[in-house]
Every structure is written in structure tokens, then in C-alpha cells.
Amino acid sequence: MGASKTIRFAWVMALVLCLAVMACGCSAGGETDPPADTETNSIGENAAENTDAADSAPGVYAELRQYDNTVEIVPVPGGITDSTVLPTFKCTFGEMTNEAQNALEEGRVFPREFFRDLTACMLVSEESMAGKEHDAIMYSLSTLAAMANEFWSLDPVLKNVVYELGDDGSVARSIYNVNFGSAGQDGQIVYDNRARQWYLGDAKYSGSIDDEETLAVWWTVFDIADGNIK
């Protein structure tokens, strides 16, 4: 990635992420899932409120709705701007994406808007993040940044995120419905939560989205933006 700052590798993958909505649940094997797994109790509580009435309200980043076996999350236009300070952070979102761009080698472009919408769908609102630990949110953001950077050349634009729920209420698949501008067509980035496998459409994807070292780099990038590393 061309990041010149010191990379912190300590315990990134040991974090157990239990965020509302696009958060990581605790797996039976004790591993940490990417932020495509979901705490379904929190989903139900948030979906019961339906955020569409609060469209563009301060602190509301996305609209969430629950159906029989799916949960749909759509980013709210203007929900997150460059001046937004995300929950538990000190820096602005613009400072985060500037630092992300600075970390890349020459010729690569960090897809700021794609990352913005992914972040909105992960956080949903300030209220849904109340009481969440900074490290948990940081882990999720690091995974989203890795995902955004992995597909930057496809010029992705997020339409929505859909979680397919299994009979036991756990998330079976996380589906990111995207328009790939480079191809001029819609497509999907899919995470099979149970198999722990990424797909680009129907094809298995073998990139380094949730590689330990990759996540550690993005963790450090956001630590620098937040003033925790000089």
C-alpha cells in the first residue's frame, strides 16, 4: 500500500466486534468475523424504529428496514460529510479519507464516496453506536477501508447492503449491491458469513480484504488521522 508509517500488528484480529447492524458477532469458534456478520437482536431493535422519518437528521447515517428473512440498509444522502466526526473519534471523516489517500502508492485512488456509504451503513446512526467501544468501531472501519481499496479500480457506488438471515436468526450472507462504474453495470460484492468467503458476483474472491496485515495497516492509518500516532 506504500504506507510509510509504523504498522501496528498487535491484537487487531483478536477483537470481538459486537456492533449494532453491520457489526461482528462472536463466532462459535471464538474467531473475529469481518464486519459483515450481524448481531440480530440489535438489528431487530433498530429496524423496529425505521429511520426513514429521520432522513437527513443530524446523527442519522442510513435507513434500516427488516423483512421476513432479510435486513436492508440504505445510506442516507448527506448523512456523513467530510466534517462529520464519527462516534468515538476526534478527527473528521474528511481527515480520515485524506489520510487513507496519503497512505496509498502513487497511481491508486482511495474510493472516498464508496467508503463513506459503507461506513454509513455500518454505523446507521449515532444512537445505534452509543456505548460501543472505539476499538470495535475501528476494526469495522479498517475492514471497510480494505474492502473499498480492494475494488477501487471498478469505480464502485454502493446502492444498499442486504443481510440474509438463516433460520436461527444469524446472518448467512452479507450482500453489497453496487454499481460498478468502470463496467457500466450493477453487481454484487458478497460475504458468505458461514464459509468466511468473499465473492465478486458468483466468483470466489481471493484478495486480502480481511488479511491481518492489511487490517493492521488501515487501523494505523485511522489512528494517525485521529491523532493517536504522530
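## Two residues with positive phi

Arg-196 lies in the loop between β5 and β6 (197–200); helices (H or I, at least four residues) and strands (E, at least two) are DSSP runs, numbered from the N terminus. Although Arg-196 is not a glycine, its phi is positive, at about 55 degrees. With a relative accessible area of 31%, Arg-196 is partly exposed; buried means under 20% relative accessible area, exposed over 50%, and partly exposed in between (1.4 Å probe, protein chains only).

Thr-88 is found in the loop between β2 and α2 (93–103). Its phi is near 75 degrees, a positive value in a residue other than glycine. Thr-88 counts as partly exposed, at 36% relative accessibility. Most residues other than glycine have a negative phi.

## Basis of the model

This is a predicted model, in which local features need pLDDT of at least 70 and side-chain atom pairs count only at pLDDT 80 or more, while totals for chains, interfaces and linings use all residues. Residues are numbered from 1 along each chain as its sequence is written, and side-chain values use heavy atoms, with hydrogens and water left out.

## The sheet

Seven strands make an open sheet in the order β1-β2-β3-β4-β5-β6-β7, and the pairing is antiparallel; two strands pair if DSSP finds at least two bridges between them. β1 (62–66) and β7 (203–205) stand at the edges with a single partner strand each, so one side of each is left without a neighbour in the sheet. From one strand to the next, the twist averages 25 degrees. Strands of a sheet pair through backbone hydrogen bonds, either parallel or antiparallel.

Strand β2 (residues 70–75) and strand β3 (residues 156–165) pair in the antiparallel sense over four bridges. Glu-72 stands opposite Val-162 in β3.

## Strand β4 and its neighbours

Eight of the 10 residues of β4 are buried, so this strand is largely enclosed by the rest of the structure. Nine bridges pair β3 with β4 in the antiparallel sense, and Val-178 in β4 is the bridge partner of Leu-158. These two strands form a hairpin with five residues between them, and Gly-169 in the turn has a positive phi of about 90 degrees.

β4 also runs antiparallel to β5, joined by eight bridges. Here the bridge partner of Val-178 is Gly-187 in β5. β4 and β5 form a hairpin with four residues between them, where Gly-184 in the turn has a positive phi of about 65 degrees.

## Helix packing

Helix α3 (residues 112–123) lies across β1, β2, β3, β4 (171–180) and β5 (185–192), and runs at about 25 degrees to β3. Axes are lines fitted to C-alpha atoms, for helices over the stretch in contact, and angles run from 0 to 180 degrees between N-to-C directions. Contact means heavy atoms within 4.5 Å.

α2 packs against helix α5 (residues 212–225) at an angle of about 130 degrees, with their axes 9 Å apart. That makes α2 oblique to α5; angles under 35 degrees count as roughly parallel, over 145 as roughly antiparallel, 65 to 115 as roughly perpendicular and the rest as oblique. Residues of α2 that meet α5 include Met-96 and Ala-100, and among those on the α5 side are Trp-218 and Phe-222.
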